[in-house]
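Have a look at the sequence and the structure, and then read on.

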Amino acid sequence: MAGTGAGTGLWSRGRRRLLTAFGVAAAAVALAACSSTSLNQFSEAQPAPQPQAVEPPPAPGTIGTGQIRVGLILPLSAPGNAGVAAQSMKNAAEMALAEFKQPNIQLLVNDDGGTPQGAAAAAQQALAGGAEIIVGPLFAQSVTAVGQVARSRGIPVIAFSTDSSVAAPGVHLLSFLPETDVKRIVDYAVSRGKRSFAALLPDNAYGTVVEAAFRQEVPRRGGRIVALEKYPVDPGRTAEAIKRVAQSASHADALFVPDDGTMVPNILQQLAADGVNLKRIQLLGTGLWADNPQLAGDKLADGGWYPAPDSAGFRSFATRYRARYGQDPVRTATLSYDAVALVAALVKTQGTQRFTEQVLTNSSGFAGIDGVFRFRNDGTNERGLAVLQIAPGAPRVISPPPKSFGSGT
């Protein structure tokens with residue numbers, strides 16, 4: 001995809017060729033896109049593993065006729081929303097190939113059924129079919145299972161789980177990670193003069209990950225945490241934790257509430273009832289706030305800041321997807337599109353080094369539908385996000401997403 005920069009700086013000629021080739025697949029898509037609550041759901045709705053023996057997965061279908069084989073593992077036969085999302089992501093992968101100019105790859109489509117056992121079997125099948133890289137799967141336990149199979153053969157993986165604990169060298173996550181949200185919003189808040197932070201966090205898996213990142217990022221940027229409380233997921237049992245934070249709110253100039261639109265309005269009402277002046281303290285959230293009608297219409301939330309991709313890229317992608325398939329894509333379909341577009345670009349530009357760790361983790365990164373991203377050596381990723389402010393009518397961008405990654409970051 002198209003990169004920025006000139007001369008012999010960050011975007012070297014070789015890397016520029018790589019990013020430009022990636023841009024061919026994206027066609028006229030802008031380099032930034034919107035977010036929604038589905039992007040940052042840490043607790044994935046994974047079907048429970050079946051206790052009985054897992055049937056061998058069906059023989060893979062194929063997409064494309066190129067020489068380089070790529071495994072695509074998705075929970076196509078999983079029940080409910082998982083199967084719906086998988087089909088949409090498969091469509092997006094097919095669309096990426098259709099929009100790329102003469103891709104020399106063939107996708108081996110494997111169904112993992114939404115279980116780790118099915119994922120391991122699908123990975124074995126992909127490798128038996130000659131796959132040089134695996135794209136997918138979607139769920140955390142399935143990523144672990146695929147990673148174990150792929151690493152034994154030295155095959156890299158680009159997966160979609162939002163659980164960073166399953167990332168590893170050679171197992172790269174292309175998803176939107178909660179840690180990235182925390183870093184972006186804390187960095188921006190500090191840049192705007194916020195130094196003292198209070199936090200109210202949900203007592204669940206997402207809250208645990210966000211808490212660890214928050215405790216790391218605030219002192220890293222020279223700030224201090226004056227209060228931090230976790231509240232039960234049950235809305236009827238939040239009062240005690242909220243009251244404790246309210247008592248310390250006068251010592252904070254920013255309040256971090258990383259939950260979705262179902263909980264945040266109730267929390268803000270209780271804070272106001274406990275005497276917190278929500279116009280004096282800066283409200284901060286994560287990507288769970290994005291495209292959330294409950295927050296958009298909540299006067300107490302007006303002025304709150306949260307990180308998200310910009311919206312142009314997804315709108316263009318969704319328009320083309322609807323024209324091709326006659327329905328809306330799931331929000332995570334862009335991940336599948338970008339993964340396949342990246343693989344096609346690497347095949348076109350990088351020769352026999354196409355899927356090496358050095359190429360996959362280059363510090364310049366890549367530009368996708370949802371903006372710039374790069375893989376870290378530990379398998380996690382970094383994304384360029386905007387910061388938006390809740391305002392009457394519609395949120396507005398107050399800090400645009402970066403178009404490239406700074407040198408040495």
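## A pair in helix H6

Let's begin with Glu211, which is buried, with a relative accessibility of 16%. Keep in mind that the model you are looking at is predicted. Which residue does Glu211 meet in a salt bridge? The partner is Arg215, and the closest N and O atoms of the two are 3.0 Å apart.

Arg215 is partly exposed, at 44% relative accessible area. Both residues sit in helix H6 (residues 205-220), and because they are four residues apart there, about one helical turn separates them.

## A link between distant parts

Now turn to Lys243 and Asp274, whose side chains form a salt bridge with an N to O distance of 3.2 Å. This pair connects distant parts of the chain, 31 residues apart: Lys243 belongs to helix H7 (residues 239-248), while Asp274 lies in the loop between helix H8 (264-273) and strand S10 (282-284).

How accessible are these two? Lys243 is partly exposed at 41%, and Asp274 is partly exposed at 30%.

Within helix H5 (residues 178-191), Lys183 and Asp187 are four residues apart, so about one helical turn lies between them. Their closest N and O atoms are 3.1 Å apart.

Is each of these two buried or partly exposed? Lys183 is partly exposed, with a relative accessible area of 29%, whereas Asp187 is buried, at 17%.

## The whole structure

How many salt bridges does a search of the whole structure find? The count is 16.

Note on methods: Residues are numbered from 1 along each chain as its sequence is written. This is a predicted model: local features need pLDDT of at least 70, side-chain atom pairs count only at pLDDT 80 or more; totals for chains, interfaces and linings use all residues. Side-chain values use heavy atoms; hydrogens and water are left out. A salt bridge is a side-chain nitrogen of Lys or Arg within 4 Å of a carboxyl oxygen of Asp or Glu. Helices (H or I, at least four residues) and strands (E, at least two) are DSSP runs, numbered from the N terminus. Buried means under 20% relative accessible area, exposed over 50%, partly exposed in between (1.4 Å probe, protein chains only).
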